[in-house]
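Please keep the sequence and the coordinates at hand while reading.

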Amino acid sequence: MSDAIRYEADEHCPPGIAAIAGLQGVVLALAPIVSIVIVTARAGGQDAGYFSWALFAALIIAGSLTALQATWFRRFGAGHILIMGPTPNYIAISVLALAEGGPELLASLTVVASVFYLVLAFWLPFLRRVVTPVVTGTVLMLIAATILPVALDRLNDIPSDAPEAAGPTIALVTLAVSTLLFLRASGVWRLWSPLIGIVIGSVVAAPFGAYEISSVADAAWVGIPEGSGFPGFDLNPGASFWSLLPAFVVVVLAGGVKNVSDSVAIQQVSWRRPRVPDFRLVQGSLNTNGLGILAAGIFGTPPNSVYSGTSVSLIGFTGVAARRIGYVIGGTLLALAFLPKLTAFLLTLPSPVMVAYILTAIALLFVSGVRTVVQDGLDAQKALVVGLSFSLGIGIDNQTIFDDLLGHKWGLLLDNGMLVGALAAVLMTVFLDLTSTQRRSRLEVELSVSSLPAIDRFLQDLAVRNGWNEASTRRLRSAGEEALLSLVQTDETGEELIVSLVQSDQPSESHPRLIIQARPEAGMVEMEFLAVIDEENLEDRLASLTEESEGAQEGQLSLRLLRHYASSVHHQKYHGLDIVTVQVKGTR
């Protein structure tokens with residue numbers, strides 16, 4: 001959403017510029033891919049053979065899915081630059097799975113979790129009342145907090161003859177360099193600050209004997225890393241599987257909700273001028289993310305997700321949003337996977353250096369959770385939900401309270417702070433929703449502009465019951481009008497079928513129906529518009545409004561005005577239902 005964009009997603013980018021920007025993306029992507037795989041594998045007690053295989057598989061999956069995200073094929077792909085790879089979200093639960101049952105258990109849990117992710121993408125419009133920003137943000141904060149001990153445990157993963165202070169010293173230097181550069185540097189220096197920190201940290205590790213690269217000489221230049229192999233599945237799931245599965249599902253659900261925002265954000269930074277987000281591409285991105293989790297499970301490597309921060313930073317720095325960059329990044333990551341010497345070199349990076357990088361990622365993940373929690377406002381009730389859930393999660397994590405009371409089978413499940421905290425947040429959110437003192441309102445009308453007077457009266461009554469002032473009432477009514485106009489069908493020329501709907505001789509039963517559900521909250525009204533549209537789904541029509549000729553300007557204007565009046569607008573599709581959710585803030 002900036003004039004600094006030199007090439008938008010659909011524009012032709014010269015090969016030379018695409019290569020330069022793509023290679024920068026590869027360099028930025030390698031650091032998190034390598035660090036997360038190595039920290040996860042080592043903390044999970046795995047040998048060098050699994051290290052090599054997990055990194056090989058992670059590069060294959062990241063490259064393939066990054067290229068797929070750059071396109072849009074049969075409901076897969078975001079049509080924009082979205083770099084994929086293992087994320088910090090899954091470190092803690094992946095380490096537990098590796099420690100309890102090895103790569104086979106991790107593979108089985110990840111495959112099952114991918115099914116839940118794909119179901120989430122399908123059911124998201126209805127699950128959002130349970131998986132709210134408060135729940136999602138709390139889970140992200142708990143993930144960050146539970147990863148911290150896992151990362152710090154690797155701080156002293158150095159040769160036995162090295163000084164005791166070697167690990168903390170290496171990590172401190174790495175963290176200090178990358179942090180100071182990020183805080184004060186600009187341009188390319190700030191963008192590459194994590195990589196510069198890793199390089200300097202590795203140099204500092206060498207005198208301590210913590211950086212040994214002799215194994216690199218024995219690795220082949222091209223091929224598959226030696227000692228690697230598919231770990232297989234746990235075909236007889238036991239107590240560990242059933243105990244860890246809920247935690248995997250919780251992380252997947254929270255990540256799925258966040259990925260919606262990631263997909264919208266990448267579209268916004270990829271255009272020179274503001275546009276209506278294309279929710280076909282959001283759905284394609286979610287489907288690709290689910291495919292990535294499934295592939296990670298099949299290959300037995302830590303689950304993948306979107307590197308939204310890296311993708312946005314790359315576009316902001318280079319000014320290039322052309323999807324060709326995604327192809328370059330994806331193809332290069334695929335090629336690097338078949339260079340065992342490079343894999344061997346990356347695996348020699350000292351653990352304290354990787355710990356420093358993970359600490360930075362944890363910090364950003366925690367802040368992301370805080371932002372998610374407060375995005376729709378934080379009243380006293382929501383604050384208690386967040387605070388109590390987070391406190392329970394942190395307090396119970398790594399304890400043996402339930403293990404001592406119920407034994408290892410159920411203790412492994414209930415002593416998981418992330419799961420307990422998330423469950424507490426969900427239960428309290430559902431309780432607040434069911435016991436809300438604000439009465440919900442419902443209106444069912446024809447999906448036609450002729451229904452506007454009825455909708456207007458409905459919204460005026462709603463504003464009166466909430467005691468809103470005239471300005472807030474006017475904004476609520478305007479949002480309702482624009483939401484209706486954005487849903488009304490259009491013909492091939494982009495003309496709204498207003499006249500034909502009003503003057504039609506067909507009985508009213510033939511018109512599509514529109515159901516409006518309004519739920520007042522503190523200083524806000526959330527309206528849900530549900531419409532059944534046979535000819536095409538809402539995402540297709542919303543996207544086409546940004547591509548039509550001048551005949552579609554009226555529909556495009558309605559959508560822009562809707563975002564002007566409303567504080568939040570979301571579009572989803574479920575089983576032939578097109579759902580527009582609008583939040584309007586008001587004052588008394």
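Trp-72 counts as partly exposed because its relative accessibility is 33%, where buried means under 20% relative accessible area, exposed means over 50%, and partly exposed lies in between, with a 1.4 Å probe and protein chains only. The model is predicted, so local features need pLDDT of at least 70 and side-chain atom pairs count only at pLDDT 80 or more, whereas totals for chains, interfaces and linings use all residues. Residues are numbered from 1 along each chain as its sequence is written, and side-chain values use heavy atoms, with hydrogens and water left out.

**Surroundings of Trp-72**

- Trp-72 is placed in the loop that runs between helix H2 (48–69) and strand S1 (84–86); helices (H or I, at least four residues) and strands (E, at least two) are DSSP runs numbered from the N terminus.
- Leaving aside residues up to four places away in sequence, Trp-72 touches Gly-77, Arg-280, Leu-281 and Gly-284, a contact being heavy atoms within 4.5 Å.
- Arg-280 is 208 residues from Trp-72 in sequence, yet the C-alpha atoms of the two are 9.1 Å apart in space.

**Packing of H2 with H10**

- Two packed helices are described by the distance between their axes and by the angle between them.
- For H2 and helix H10 (residues 279–299) the axes are 10 Å apart and the packing angle is about 160°; axes are lines fitted to C-alpha atoms, for helices over the stretch in contact, and angles run from 0 to 180 degrees between N-to-C directions.
- H2 and H10 are therefore roughly antiparallel to each other, given that angles under 35 degrees count as roughly parallel, over 145 as roughly antiparallel, 65 to 115 as roughly perpendicular and the rest as oblique.
- On the H2 side the contact is made by Trp-53, Ala-57, Ile-61, Leu-65, Leu-68 and Gln-69, and on the H10 side the residues include Ser-285, Asn-289, Leu-291 and Phe-299.

**Packing of H9 with H10**

- The axes of helix H9 (residues 239–268) and H10 come within 9 Å and cross at roughly 130°, which means that H9 is oblique to H10.
- The crossing of H9 and H10 is right-handed, and the contact is made by Gly-256, Asn-259, Val-260, Ser-263, Val-264 and Gln-267 of H9 together with H10 residues including Phe-279, Leu-281 and Ser-285.
- The contact of H9 with H10 has six nonpolar, six polar and no charged residues.

- Helix H13 (residues 340–347) is largely enclosed by the rest of the structure, because six of its eight residues are buried.
- The buried residues of H13 are Pro-340, Lys-341, Thr-343, Ala-344, Leu-346 and Leu-347.
- H2 and H13 have axes that come within 10 Å and cross at roughly 115°, and the crossing is right-handed.
- Phe-51, Ser-52 and Leu-55 of H2 meet Thr-343, Leu-346 and Leu-347 of H13 in this contact, whose residues divide into four nonpolar, two polar and no charged.

- Gln-46, found in the loop between H1 and H2, is buried with a relative accessible area of 17%.
- Gln-46 touches Ala-41, Phe-51, Leu-98, Gly-102 and Pro-103, not counting residues up to four places away in sequence.
- Ile-17 lies in helix H1 (residues 15–43) and, at 23% relative accessibility, counts as partly exposed.
- Beyond four places in sequence, Ile-17 touches Arg-6, Tyr-7, Val-320 and Ile-325, and its C-alpha atom is separated by 8.4 Å from that of Val-320, which is 303 residues away along the chain.

**Overall totals**

- The protein has 23 helices and seven strands, and 54% of its 588 residues count as buried.
- Among contacts in the protein with a separation of 6 or more, 81% are between residues 24 or more positions apart.
- The accessible surface comes to about 24,900 Å², of which 62% belongs to carbon and sulfur atoms; such areas come from the Shrake-Rupley method with a 1.4 Å probe, and for residues only the protein chains shown count as cover.

Conventions:
A crossing is left-handed if the near helix is turned anticlockwise from the far one by less than a right angle, and right-handed if clockwise. Ala, Val, Leu, Ile, Met, Phe, Trp, Tyr, Cys and Pro count as nonpolar, Asp, Glu, Lys and Arg as charged, and the others, Gly among them, as polar.
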